[in-house]
Amino acid sequence: MLEVQLKKSLRDFDLDVSLSVRSGEVLVLLGENGSGKSTTLNLLAGLLNPDEGIISLNERILYSGCTSVELPPEDRNIGYVFQNYALFPHMSAFENVAFGLRRRSMASVEIHKRVQHILDDLGVGHLMYERVTNLSGGQRQRVALARALVIQPDLLLLDEPLTALDRQAREKIRIELREELVKSCKPSIIVTHSLKDAEIMGDRVIILAEGKIIWTGQPNELEKHSGSPQVRYISDEYISFSKIAID
Amino acid sequence: MKSGSSSSFRGSKGLIILIFGLIVFITILFYTLPLLSLFLRITPEEFINTIYEPNVQSAILLSLVTATTATAIIVILGTPLAFLNARVDYSGRKFVETLIDIPIVLPPSVAGLSLLVLLGRRGLLGSTLSEMGITIIFTTLAVIIAQVFVAGPLYIRQAKSAFAMVDPVFESASRTLGAGPIITFIKVTAPLARTGLISGIIISFARAIGEFGATIMVAGNLPGKTQTMPLAIYGFMQSNLTASIALSIVLIAISFVILVLIRILSGKSA
């Protein structure tokens, strides 16, 4: 279970977010570019420091402004799939996935077994020794997901995981990704600015605008726009709030 | 009338090509003829015999040892500063960068004099060191210090650019996977900046091995102790011109290899 209360002054606005995510639940952070979605992920991962607040993951305090607890990213055990995946370009798919396991002082036989298993599971086992620069967008996405999952993280963060894919691959991987996240039984947060991503992959949706939560609800409520007085217009692929527009 | 203007156009076009070609030819000649004259002045036998002379050999060995040591020191001292300047926008960064760059444009005599005033027996640091029984001036250590002083900024500048080219998101990814800052630097940042870092190392080694002005002021020209190749070339000019030429050819060969390496690396990074 992830419980978060965070405040941070940014250049254009003050970020003020409170949220919680249960194990096995997929929370979607939806919002326009620059609404504070990726910043929220970076604050959770420890890549940015909040001004105040608290982050508790499975009752372990990762950050607390009051007691000055501030675990560095390497001690948080959070799997992070970055936008454009951030796969290490000088390494093979195997080395990328093994990177986190090597930091956990695991025996090389065990590392090999786990990497092989997860890459096979995600359908890219045959590309294990390929340089990641030679892989397609969809293959990279799978390797990035394998790299984040293989360390058995307590929380999964995915920043626009489908943006780098073409429309066809997006449709396919969206469903697969949802299945993988549910299978992992970890709390997951996906950042996206796509309404369709939110509807298909999320259990719950939070809409952010200028660092504030302006709507929380189930994905199907987005369509019904119940409990969302700010909704002006909604169609299959487009939603317009009083402040923001998402397609 | 028409054919007359066309032939005069052709004539002036031909003249322009001729002048252009001549300028290019003179330029190439200007930069290659002096080096070529060195090769024409000495036979291969003379070159090989001279290379085996003890004074010449000690100059070559001393140059290689001091330039390698200086380059290693430059990498150890310069890498953290280059990384800091590439990653952190601290106040005064541009001022620090300008200060570090000064030795690149400084006349070698000024670099030598400033080191002499710092490290000499009555110098700012030298007086204290002298009281402790430590002498730096006119030692091999002084040669290395002079080389580090003049060649270091070239590496720091190049390494900073190389680090700045590495997208910080790779470092973030490494940290979330469980690697601390040092492991992240060793496993991710440095390998991704490798081509630029190696270029920096080669350029600073080239500058160190060719260093003359600052070295002669701060270390003198003592055979076997401070007489590196450039100093030996200068020292042998009156008594043994063949040795000077042989050493010059060695330095030209080293420069050529360095340029080829840089070209290969530039091609790789492109």
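How far apart do the C-alpha centres of domain 1 of chain B and domain 2 of chain B lie? In this predicted model, the separation between these two centres is 40 Å. Domain 1 of chain B spans residues 1-41, and domain 2 of chain B covers residues 53-269. Contact between the two domains involves 4 residues from domain 1 of chain B and 4 residues from domain 2 of chain B. On the side of domain 1 of chain B that touches domain 2 of chain B, 3 residues are nonpolar and 1 is charged, with no polar residue.

Within chain B, B:Phe39 belongs to helix α1, which comprises residues 2-41. Although B:Phe39 and B:Ile249 are 210 residues apart in sequence, their C-alpha atoms are 7.3 Å apart in space. B:Phe39 is classed as partly exposed because 13 other C-beta atoms lie within 10 Å. Helix α12 of chain B, residues 229-236, is mostly covered, with 7 of its 8 residues buried. The buried set in α12(B) consists of B:Met229, B:Pro230, B:Leu231, B:Ala232, B:Ile233, B:Gly235 and B:Phe236.

In soluble globular proteins, nonpolar side chains tend to be buried together.

Chain A contains 7 helices and 14 strands, and 44% of its 247 residues are buried. Of the contacts in chain A between residues at least 6 apart in sequence, 65% link residues at least 24 apart. At the interface between the chains, 15 residues of chain A are in contact with 13 residues of chain B. Two elements of chain A, β7 (78-81) and α2 (93-102), each give two or more residues to the side that touches chain B. That side of chain A is made up of 10 nonpolar, 2 polar and 3 charged residues.

Strand pairing in chain A was examined for β1, β4 and β5. Strand β1 (residues 2-9) and strand β4 (residues 52-57) of chain A run antiparallel and are joined by 6 bridges. In this pairing, A:Lys7 stands opposite A:Glu52 of β4(A). An antiparallel arrangement also relates β4(A) to strand β5 (residues 60-64) of chain A, through 4 bridges, and here A:Ser56 faces A:Ile61 of β5(A) as its opposite residue. β4(A) and β5(A) form a hairpin with 2 residues between them, and A:Asn58 in the turn has a positive phi of about 50 degrees.

The mean pLDDT of chain A is 86, and 90% of the residues score at least 70. Confidence in chain A is highest in α2(A), at 96, and lowest in strand β12 (residues 233-234), at a mean of 48. The pLDDT is below 50 over residues 233-237 of chain A, a stretch with 7 contacts in the model beyond near neighbours in sequence. Where pLDDT is low, the predicted coordinates should not be read in detail.

Key: Residues are numbered from 1 along each chain as its sequence is written. Chains are lettered from A and ligands numbered from 1 in the order in which they are written. This is a predicted model: local features need pLDDT of at least 70, side-chain atom pairs count only at pLDDT 80 or more; totals for chains, interfaces and linings use all residues. A residue is buried if 20 or more other C-beta atoms lie within 10 Å of its own, exposed if 12 or fewer, and partly exposed in between; C-beta atoms are placed from the backbone. Ala, Val, Leu, Ile, Met, Phe, Trp, Tyr, Cys and Pro count as nonpolar, Asp, Glu, Lys and Arg as charged, and the others, Gly among them, as polar. Domain bounds come from an automatic or database domain assignment. pLDDT is the predictor's confidence in each residue, from 0 to 100. Two strands pair if DSSP finds at least two bridges between them.
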